[in-house]
Amino acid sequence: MDRDVQFVGQSMAFLDAVERASRAAAISRPVLVIGERGTGKELIAQRLHHLSPRWGEPLITMNCAALPETLIEAELFGHEAGAFTGASRARAGRFEEADNGTLFLDELGTLSMAAQERLLRAVEHGEVTRIGSSHPVSVDVRIVAATNADLPRMAHEGKFRADLLDRLSFEVISLPPLRAREGDVRELAEYYGRRMAAELEWSGWPGFAASALGELEAYEWPGNVRELRNVIERAVYRWGREDQPIAEIVFDPFHNPWQDDGVLGAGETAGETAGGVVAPVREEPGAVVGPVDDLRAAVDAYERTLLADALDRHRWNQRRAAAALGLTYDQLRHCIKKHRLREAA
């Protein structure tokens, strides 16, 4: 496998899933791969193919969500010339292309009921019929399918054929999300960081600062490994100082700091910033509020005190501090930079 399909990780949850795929590879039966976006479902499909007796035959991939419903059946099963408007010549479908090999169906849960019915026949009988033809073609194809949908629930609700689900679920491999892979965030960050440094032709690898590693491990990673790769490569590219550990991480590249410049706008009250509420300014019972000569400076000082207190209480876990203050992570990061706060050594 090339470097883009390598498995990186050491957590038991991850290794168990890879081991299950390795064991299933040798048996020419359908496999369902379940997991959130970015968890590596296509990599598991490639592993199932490359470790199988079919490794020298085609691995054909089809994303079921990438095509309109009217074209999915033609893509899967092929068509004859004149079968429908625009079909000027005959074309083999993905099943015929994958003959003797593996067909990977990504986003399986988006298939229409009509396509599911034809897929069931192909799986059960090893035959496909091109649209516009009455002559079936025999094929020998191993099916690997992937989805992040709850197929058993969909089958119960009548949105997915229960008999097709039974046929495709000889083995089900559930991939863990990155947040459940203990210790793998650091390993993946190091792996993708070194790769990006080599691509940029850095003379060495400075690694990540402790604060940056803390941010990476505290993040929830809704986009899983795919998102982590983008975040790490962006951090290395933007850092540009190959002799210093990388200390700045940007999780949201769309964050616009100019939308939160710390200046109170019309209608805003003390305790608010342009990017969102920091915390309400409340007077403690019995507190005496003295005269204020510079309102903006007073608000900034109070905001800085609130931020420093929240960060200290949460031991500089910025994700938790942001949640406690009702801020997004990027809003908190902007406030930290604005007030030049630093963790005590």
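How many aromatic pairs does a search of the whole structure find? The search finds 8 aromatic pairs, where rings of Phe, Tyr and Trp (its six-membered ring) pair if their centres lie within 6.5 Å. Welcome to this predicted model, in which local features need pLDDT of at least 70, side-chain atom pairs count only at pLDDT 80 or more, and totals for chains, interfaces and linings use all residues. Residues are numbered from 1 along each chain as its sequence is written, and side-chain values use heavy atoms, with hydrogens and water left out.

**View 1. Aromatic rings meet at W205 and F208.** The ring centres of W205 and F208 are 5.5 Å apart and their planes stand at 75 degrees, so this pair is edge-to-face (planes under 30 degrees apart count as stacked, over 60 as edge-to-face and the rest as tilted). F208 is buried, with a relative accessible area of 11%; buried means under 20% relative accessible area, exposed over 50%, and partly exposed in between, with a 1.4 Å probe and protein chains only. Look also for Y219, W221, F251 and Y329, which form one aromatic cluster.

**View 2. Helix α1 packs with helix α2.** Helices (H or I, at least four residues) and strands (E, at least two) are DSSP runs, numbered from the N terminus. Here α1 (residues 12–25) and α2 (residues 41–50) pack at an angle of about 35 degrees, with their axes 8 Å apart. The axes are lines fitted to C-alpha atoms, for helices over the stretch in contact, and angles run from 0 to 180 degrees between N-to-C directions. On the α1 side, V18, A21, S22, A24 and A25 make the contact, and on the α2 side I44, R47 and L48 do; contact means heavy atoms within 4.5 Å.

**View 3. Helix α2 sits among its neighbours.** Because 7 of its 10 residues are buried, α2 is largely enclosed by the rest of the structure. The buried residues include K41, I44 and H49. Their packing partners are α1, β1 (31–34), β2, β3, β6 and β7 (171–174).

**View 4. The largest nonpolar core has 30 residues.** Such a core is a set of buried Ala, Val, Leu, Ile, Met, Phe, Trp, Tyr and Cys residues joined through side-chain atoms within 4.5 Å. L76, F95, L103, L105 and L108 have the most contacts inside this core. Helix α5 (113–125) is among the elements that give two or more residues to the core, and α5 gives the most, with 5 residues. Leaving aside neighbours within four places in sequence, L108 touches several residues by contact, including L32, C64, L119 and F160.

**View 5. T147 lies in strand β6.** T147 is buried, with a relative accessible area of 2%. T147 and G35 are 112 residues apart in sequence, yet 6.6 Å apart in space, C-alpha to C-alpha. Leaving aside neighbours within four places in sequence, the contacts of T147 are V33, I34, G35, K41, L108 and G109.

**View 6. N224 and R340 both have a positive phi.** N224 has a phi of about 55 degrees although it is not a glycine. Its place is in helix α10 (residues 224–239), and N224 is buried, with a relative accessible area of 0%. R340 also has a positive phi of about 55 degrees without being a glycine. R340 is found in the segment after α13 (329–339) and counts as exposed, at 73% relative accessibility.
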